[in-house]
Each structure stands twice: as structure tokens, then as C-alpha cells.
Amino acid sequence: MRVEGTVLSRRDVMQGLAAGAVVLVGGRLVANEAAAQASAAAPLNAWIAVATDGRVTLQCAHSEMGQGIYTTFAAIMADELEADWAKCDIVFSPVAPAYRHPVYNWQFTGNAESIRSYHGLIRKMAAAAREMLIAAAADQLKVPVSELAARGGKVLHHASGRALDFGALAQAAAARTPPAQPNVKPETEWRLVGHGRSLPRRDVPDKVHGTAVFGIDVKVPGMVYAAVMSTPVLGGKAASFDEALVAGMPGVIKVVPLGSAVAVVAEHYWQARLALAKLKIEWQGGESFDDAALEKSYRAAQQSKDGWALAENKGDAVTTLAGAKHVITAEYRAPWVAHAPMEPMNATVAVTEAGVTIWAPTQGMEMTQIVVAKVLGVAPDKINIHRTYLGGGFGRRLLADFVAQAALCAKAAGRPVKLIWSREEDIKQDVFRPGFLNEVRASLAADGMPEAIHFRLVAPTILAPVSPTPVRPGMVDALCCEGLMENPYGIAHRRVDYNMLATPVPTMVLRTTGHGPNNFTVESFVDELAHAAKRDPYEYRRRLLAENPVALKALDRAAELAAWGKAAPGRFQGMAFADCFGSYLVQVAELSIENGAVKLHKITSVCDPGRVLDRVNATSMIEGGVVWGLSAALYSALSFDKGHVRETNFDRFRVVTLPDTPELVTDFLENRQVIGGLGEVGPVAVPAAIANALFAATGVRHRRYPFAADGVLTTYGKIFG
Amino acid sequence: MASFSFRLNGAPVTLELDPSTPLLWALRDHLGMTGTKFGCGIAQCGACTVHVDGEAVRSCVYTIDSVAGAEVTTIEGLTRDGPHRLQEEWIKAQVPQCGYCQPGMIMAAAALLKAKPHPTEADLENSITNICRCGTYARIKKAILAAAG
């Protein structure tokens, strides 16, 4: 029986939340305590405060995990406010309604949202602040507002040559009623962002000198450390441990049972680790599954009549395919992977009568507040969160499980505790990006172009752990189906069926969300269709995008930049296209085969995110993303045995290193109308571009990645294993 | 517990520790040198790279008992007078993204430049094996080659 499931898209989620929301843009225009405290200055609204010395402070609602927003957010503000860039500061905001995502109404960092969702909001906040400063100047100078302009941290009266510093106007401006509809200036008047500009990143010097403070570097008075060991079988619990074995060990303060894990709190981290190894923990429960059992469950779901939900249905793909002469079918696989950011999960928590203080590298600010409030049984408003730089995130730090563990340890020990997961725990306790099993069929018309396409995707949910509303089997997980649904290729009949697999392994979003695995399917398959139609893959995509001039421009620019079709003898190219996170991306991989091993020469990327605010940083995002995509395409995969993940460190969970990195060529177009994301975009089309280049080189179609697991050796892999 | 003496960034230090304590945790917890990062604990990622008697080592597997009497240099003590030329090039090339691995990268690169002042690209590929999950390798190469002149 087919279940016509409820489609739970992010749009639904955000509309549901927005309906009950009281804080929309208007509410943010009212100054709050945080903005006032942060700089001991006059807050013009919840985001921007101006001190009497003219220094401007912006509250950074998002996490800085490498995407550069600590600089670009400040630049957007300074530009719109007409502030003096040398006098602008930025601080991590508290967790408060004023800093929520303007659409989802929830404070988090992810989904390549920073710029695309906060650009407009920061401009509005800054425009409002500017108008308040100008109005205060008009009062003081007794001239109409229309004769005044803000520039370089001053309000200028051109007619008289008089100028008032923002600092001198701050108090009077802060006392004014914020404008209901602040007017942002036209793009042509941007001075700090856009138009190919770039600013040196504010976080870079500290990161280069070793002085940047990540979560793991936090130091608070009286702080002690916790090390954690979790169940060797997923779903298991600690049944017993022998505390007496560690009671006399140096530094040991407390053993804290955490359900699926046990922690030791000690004066120093290594003391906690030594004690943890001696505890003789007995574990019980959990499910002892392995790869074969997982594979069986994917196949059972694929073949079952039950559990399917209709994610998209345009035209009539089923009937068209049934009556078609030329049908092509293929099946693609994406692997299980771990987030594994360089900084393992950690958090520092102090629990006192007065409340709870958290220092954490988190992407999930509100999630942290809610989860810790729940586990400690305190009110959310008693929880004060200090945010640090993040040593990568990739989605993992949206969850607050590691902060909750630290909170429980701090409560049990009666001291502030910094809890640090070993790398092994970081992967064992990960909430993984699941494997995708994607079956696709298409029919070709006489001209070789597809008339109908039908995807049947089996994958566990990736949305559930980060969704404010329940996500259950039988429903459509819109994140899992991203890239299959709303595909911009002009195919008349399109259908996407989705079967949410329940697995014993916890699953969630990871950088590229559903776009990564699904782009591999779509773009490999389009290449297969082009081959079946005996057409050049670039020309084939041009025809598929014929009705989309903006996407066509990106495709053409990539072909031009990569010199498509003109590779040197012995070199082979593959192309892939993506429409993801509000941006278009086209990538061309160029490789050769040397003694049976693949040598990657070059990845060319062309991205159209509508507007590029900082060119050097945008290039970072795409090129770093390409390298992330290479790890995914070439090496990274998890396997399971006896109920646990086998690859728990970088020796077996392999990622790309410097010698694997080919030449990277990147360009941007700005033709899309709405500003798009960049942080998750760069990796998306890499696996398919490489698979397509491999096919061009060898005639072998690799329908699963990482390619190392499909028998593909890289020149580096061949040498270093 | 035992007592271990060595020189850290030019100054003598003595610590009372379990001899199995990795140099990494001695530096971070006991000496407040948090520029040296923990990434894997098995010498795979290089985020913890420091110099022991001028050579790059991965301090997460280098136990405290093996540094007795040695000269240990961390990112905080890489130079005594202003930034190292690698740090200047790192800023010029805007290398870091999340930045967590970068002190280890710079320490690895500094040891390479000391041994080979003018490395080729192949030298880089053979000696810089640290992991950066943000994928900043292309700019790392650029910065090292620029620093080498």
C-alpha cells in the first residue's frame, strides 16, 4: 500500500514557526539588554550599539565556523550604516529572540544561511540606526533630515560643512523611536561589500598566531575536565562500572554515569582519560547490526510496497515511462559518513544556584538552551551561553548532546567542567549522514532528450534531529529529497518517491544535506543519458537548461573556463551542475590515468550566488568546499560491525590531504536575483564531476562513492595506501 | 607521577605528571599553551604539531617522559620578535577558514622551511601531511611557497 505522506518541507517548518512568532523584523528594532551590555554603549537596536567614542558594535547572531561571517556581517553593517570600518567591532550575540533566523525564527547556524538570510536583516538594522543618527543630527543642527548624509562614521551637512561624529550623536539617536520602514541604500552605493571587493578577515591573525579561542581553549576559574566513553554497541547503556578501581587515582574527582556513556571528572584531562580506561564498564543492550543487515534493510525498503511517500509529482512520469520505447535505469549509492570537524565535540559548563553558564562551540544556540534546561531541570532563561569560534561544524554542532553531558558532569562534580570527546568518541557518538540508495528511470524521446524521470530514494531521515516538529517514517523528509525535487532541468514528467528507512544508527544533516548524495545521482545519470543519446554532456545539459538563461550562463562560463572539450591528450573531463542553497554551481573535473591510478589535475568551479559580498572569502568557501567534496568522492565512508562504527579516527576515516589537492580554478557570476548561500555549495557537484570524468577516461561508470571503495585508486592513494 | 624538566619557548619548566601524559595535554592543561590543538590523538591529523629540538613532532603521541631536557617550541614561541614570515604569508593569502588546524600547519611548514629553505611542490606534498577539514590546502601551498621566496 502506498502512503501519500505528509510533505514536511523547510518552508512548512518556517511558516509554522513564523505563525506563532512575536519577534519579526520590527521587534528587533527595539534595543535589548544584550546590545546595551555588550559594549556599554548606546544601543540603537538589538543588533547595533554606538559608543560615545564612535565605536560601533554589531551583535553576531551566527557562529563563526570558518565561513567568514565574523568579517562579512560587520562589513554589511558598516557599509549600510556608513560607519568608519576602522571603528567597527563585532561580538558573538547572546541567545535571544532578536537574533533568530528571520524566516525560521530559530537561532542556529547551518544550511548555508548566514549571508542569504541575514544580509537583508543586517542591512535593515543598520539602515534604521543610520536614520536615527541622522535624525538626531537634524535636531542638533536644526536642519531638515533631507540636507544630511552619513559617511565615514559622521553625519555631514554639506551646505554648511558641519559634521557630527556618530559617537556624539549616539545617546540622542538611541532615545529616538526606531523607523518602522528603514530605507536601505541601493547596491550601487555599496562601499565595503560586493563589486569584487574583499576585506581581510578579522579572525585570521588570531587563528594564525594560535591565540583564537575555540571551545576547547576556554579556561574558567576552578575548571576541571571530563573524559567520556560511550557504549560499544549503538543503543546500549552502561550497566555497571567499578568506581573503586579509580577512586585513588591522581586527580580523579567523580565518575558520572550518562546513560549511553560514562564520564570521569578529574583535575586534568589526561588524568580523566587514564581513569576512564581503568573503569571496567559493563555495557548492556543495543542492537548488534552490521553492514549486511543494513544493506538488507535498504533492499527490503526498496522492494517493499509500504513506507513510500510521494515527494514530487509533475505531469505523469509513471504512465510515460510505461509507454516509452527507450527507458534507461540505473542505481546510485552514497555512503555513510561522519562529520569529524577538526575540533572534537567539547563544552565547558558551570552550574550554580544562580543559574547555568555554558561556554560552547555550538551551531545550535537555542537547541543548547532547551536541551540543557531539560536535562538539568532548570528554566531556559537561567541558562547563559557564551559562544566561541568553532573548529569546524559541518552540521554536527547543531545538536547539544555533548553540552548536555558536560552540564551533567558539572552538576555532579560541583565544579565547572570542560568535557572533551576523544576523536574516537567524536565519531562513535556522531549522528551520521546516512547512506542513500537511489533508483532512477528515465525515458528518452526520439531526439535523445528525457521526457520522464522517476526517482525512488531509500534513506533514513536527516531532518528529524534538527526539526522542531516530529518527522516519522511514511513522511517525506524534504532535506533527503533536495536536488531530486524542483530540479531545474526542463523534463516534463517528474516523480520522486521516498521511503524513510528506520535504522539502529542515528542520522542527521551534514554539509551538503541531501544535495550532495542526490546530485551524484542526478548528474551521473544525466551523463548516462547524454551518452545514450550520443551527445556531448555539456551540450546535453545546455539543452536541458534551454529555458533557464541564468543557469545557462553559469554552464557556459564553466565550459569556457575549463576549456571543455579541449583537454590535453590523455586528460579527461567530467561536468556536473547543481542548483542548491539558492546558488547555481557548475564543476568540471579534469584527470588522467597513470599506471592504473587516477591523477586529478584540476577542478574548475563556477558559482552564481546572485551577489558575492566578499570575493576572496567566497573563493575560500567554494575551493574549501571542493576539497571537502573530494574527501567524499574519493575516500570517506563508514562501515558497521557488531553494532558499532569501524572507522573511528582519521587513520580509517580517510579525508583528503595536501598532496591530493589538484589545481582549483574558481569564478563567480552574479545573475541570480536573490542572494544565495556558499558554505554548503562547493562540495555538491564534485563526486558526479569526477565520476563523469572517470567514465570519459575509462568507459567504466562508477555508480557508488567513495570511488576508493569502488576499486578506484588515486596516484596519492597508490603511493601512501 | 614524576617530575619532568624541559625548556618551553626558551624558558625552563618543570612538571609533576604521570609519565604517560602526552606532551599535548601537558602544554594545553598544565602550561596554558592552547595554540597547540587536539585533533585525533593518534598522530594522524597534525593539529598538535610542535617542535622538539627543532623537529616537527605530533605532540598527542609524544609522551612527557620523552621530552625531558629537550627544547620544545609551540606556535606561541615560534619567533621571539614579531610574526614568522609564514604567519605573514598565511595572513596575506587569507589561508584559515575555521582555523583550528592552522597552528599545526604552520609549525609543520616552519620545520620544513628550516630543513629545506626552498622546497619544491613535491617537497610540500611529501612533508605536509596535516589534515584540514575546511580544505585550505591550495592556499597553504601558496603561502609556504611565498614564504620560501
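In this predicted model, helix 2 and helix 3 of chain B cross in the right-handed sense. Two packed helices are described by the angle between their axes and the distance between the axes. Here, helix 2 (residues 85-92) and helix 3 (residues 102-115) of chain B pack at about 130°, and their axes lie 10 Å apart. That angle makes helix 2 of chain B oblique to helix 3 of chain B, because only angles over 145 degrees would count as roughly antiparallel.

Let's look at the residues where these helices meet. Helix 2 of chain B contributes Leu86(B), Gln87(B) and Trp90(B), which face Gln102(B), Ile106(B), Ala109(B) and Ala110(B) from helix 3 of chain B. Sorted by class, this contact holds 5 nonpolar and 2 polar residues, with no charged ones.

Now turn to chain A, where 7 strands build an open, mixed sheet in the order 11-12-9-19-16-17-18. Strand 11 (252-257) and strand 18 (383-387) of chain A each have a single partner strand, so they stand at the edges with one side lacking a neighbour in the sheet. On average, neighbouring strands of this sheet are turned by 20° against each other, direction ignored.

Within the sheet, strand 16 (residues 346-351) and strand 17 (residues 356-360) of chain A pair in the antiparallel sense over 4 bridges. Val351(A) has Val356(A) as its bridge partner in strand 17 of chain A.

Two helices to follow next also pack on this sheet. Helix 9 (residues 269-278) of chain A touches strands 9, 11, 12 and 19 of chain A, and its direction makes about 30° with that of strand 9 of chain A. Helix 13 (residues 401-413) of chain A touches strands 9, 11, 12, 16, 17 and 19 of chain A, and the direction of helix 13 makes about 35° with that of strand 16 of chain A.

Conventions: Residues numbered from 1 in each chain as written. Chains lettered and ligands numbered in written order. Predicted model: local features only at pLDDT ≥ 70, side-chain atom pairs only at ≥ 80, totals over all residues. Pairing = 2+ DSSP bridges. Axes fitted to C-alpha atoms, helices over the stretch in contact; angles between N-to-C directions. Contact = placed C-beta atoms within 7 Å. Parallel < 35°, antiparallel > 145°, perpendicular 65-115°, else oblique. Left-handed = near helix turned anticlockwise from the far one by under 90°. Nonpolar A, V, L, I, M, F, W, Y, C, P; charged D, E, K, R; others polar.
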